[in-house]
Amino acid sequence: MPDGFSAGDTAFVLISAALVMLMTPGLAFFYGGMVRAKSTLNMLAMSFLSLGIVSVLWVLYGYSLSFGSDSFAGLIGDLDHLGMRGLGLNELTGTIPVTAFALLQLMFAVIAPALISGAVADRARFAAWGLFIALWVTAVYFPVAHWVFFFDGGHGGWLGDRNGVIDFAGGTAVHINAGVAGLALCLVLGKRIGFKKDPMRPHSLPLVMLGSGLLWFGWFGFNAGSALAANGVAAMAMVNTQVATGAALVGWLVYERFRHGAFTTLGAASGAVAGLVAITPACGSVSPLGAVAIGLVAGAVCCAAVSLKYRWGFDDSLDVVGVHAVGGAVGSLLVGLFATGGVGQGVKGLFYGGGLGQLGKQAMGVAAVAAYSFVLSWLLARAVDRLVGFRVAGEVEVAGIDQAEHAESAYDFSAVGAGLARALPGSAAAAAGPAVKPAAGVVEESVAGAAGMAGKSAAPKAVEEPDAPKPAPKATPKAAPKAAPKPAEKKTEVDAR
């Protein structure tokens, strides 16, 4: 290996890349638990599709556009590294092989479009989503990564290298970029059927908690790995990541308790993610006390921001805008206040005697990335919609996107539905006498919900059993025809939720 190579630094960056890769499946679980049961597999698959498409495009031209020598005014890289040409075994970035650096940055590129998927949960066609991923990373993510992450002695990206915008690990390039793109997409696709009318609660909070835990774990690689060396800056970035996330979790829960009257597990998971987002741009610039302050502010602000969709009328299904766009902006701006000048960068924020200059630069970076991402993402979404159609049909959305797009279901309710059907009053099995009598009031709800998700209604089948007892015609001449549709109506209502 050439002079300057560090085996320890290389091992650290490779492990960090693996941790960041784990974040995308973690995000899939996080989002998958937040949707209704009938959309679970689609939500998981949308994140996994990003792993496939972006990995291929990164090798073909993504790395070159992001980290090739600047070709014009700090806006985009050249094409010298198409197919990752020229990235030999002996080429170094700092003390690590350039291939290790490229691998870490690939994982950043993978998770960015996966984050967007939460904004359009329940209603996007899978093939259209794949096309959008390819177009978006090409036209939006790769250029913005060049703006923010490419340094070349003042001749690199126009935001980070030429104008001094501090983004240690991707608050602008990843989170603001993805969050604002999510806003553009949910405006193009429109609201879900039943938005603000039907309850759309998470179907599995344990999955949400599992996903947030995996994200928290992987984020240590995301932030500390951005130091590109196993050194003090990486250690401080990891400490800041932990304490800011904990503070944001507390901040979210406290705000939630005063605003809504309860401490929820969904709030705890969302608060943790908000803290991870906010500390991302700042983790290499602030002290642990500054990180705690950033986390507390981000937790409360993001908790307030997620309710704006109801006031302003945009259907951001899983709060991508409120957590990632707002959280990324909060963290990026607070660098201008809390940067100590003694961690990873030598720039001081306002609270450390640095004046307002850095805060202004941070605001410029936030505004530039947000504006570019929104305009391009909206145009790309409109183009995809015109070309192949971006939204599923209404009946598919109501019945469940999993069956229509993937021919699968996350859960098999058929056995449960069949067992409960036997307990329905008036069924043949009930007439024979079930071994265990179900609790009153539970059977109808359980069968309607379970069988509805499986695409079948057990209740009408039980009514139509040939051996079921029939009412006397004189006593109740029209009772049976009126009673029969009731379970179907119940099923439709539950299924739509």
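Modeller: What follows is a talk through the fold, the aromatic rings, a surface patch and one serine.

Biologist: What kind of model is this, and how are residues numbered?

Modeller: This is a predicted model, in which local features need pLDDT of at least 70 and side-chain atom pairs count only at pLDDT 80 or more, while totals for chains, interfaces and linings use all residues. Residues are numbered from 1 along each chain as its sequence is written, and side-chain values use heavy atoms, with hydrogens and water left out.

Biologist: How many helices and strands does the chain have?

Modeller: The chain has 21 helices and two strands, taken as DSSP runs numbered from the N terminus (helices H or I, at least four residues; strands E, at least two). Of its 497 residues, 50% count as buried, where buried means under 20% relative accessible area, exposed over 50% and partly exposed in between, with a 1.4 Å probe and protein chains only.

Biologist: Now the rings: how many aromatic pairs are there?

Modeller: The count comes to 18 aromatic pairs, with rings of Phe, Tyr and Trp (its six-membered ring) paired if their centres lie within 6.5 Å, and planes under 30 degrees apart called stacked, over 60 edge-to-face and the rest tilted.

Biologist: Why is the pair of W58 and Y63 edge-to-face?

Modeller: The ring centres of W58 and Y63 are 5.9 Å apart and the planes stand at 75°, so the pair is edge-to-face.

Biologist: Switching to the surface, which residues form the nonpolar patch?

Modeller: L187, V375, W378 and L379 form it, with about 360 Å² of accessible area together; areas come from the Shrake-Rupley method with a 1.4 Å probe, and for residues only the protein chains shown count as cover. Such a patch takes residues with over 30% relative accessible area and no salt bridge, joining nonpolar side chains (Val, Leu, Ile, Met, Phe, Trp, Tyr) within 5 Å and like charges within 9 Å. A salt bridge is a side-chain nitrogen of Lys or Arg within 4 Å of a carboxyl oxygen of Asp or Glu.

Biologist: And where is W378?

Modeller: W378 is in helix α13, and it is partly exposed, with a relative accessible area of 34%.

Biologist: Last one: is S332 buried or exposed?

Modeller: S332, in helix α12 (residues 320-338), counts as buried at 1% relative accessibility. Leaving aside neighbours within four places in sequence, S332 is in contact (heavy atoms within 4.5 Å) with G171, T172, I176, P281, Q362 and V366.
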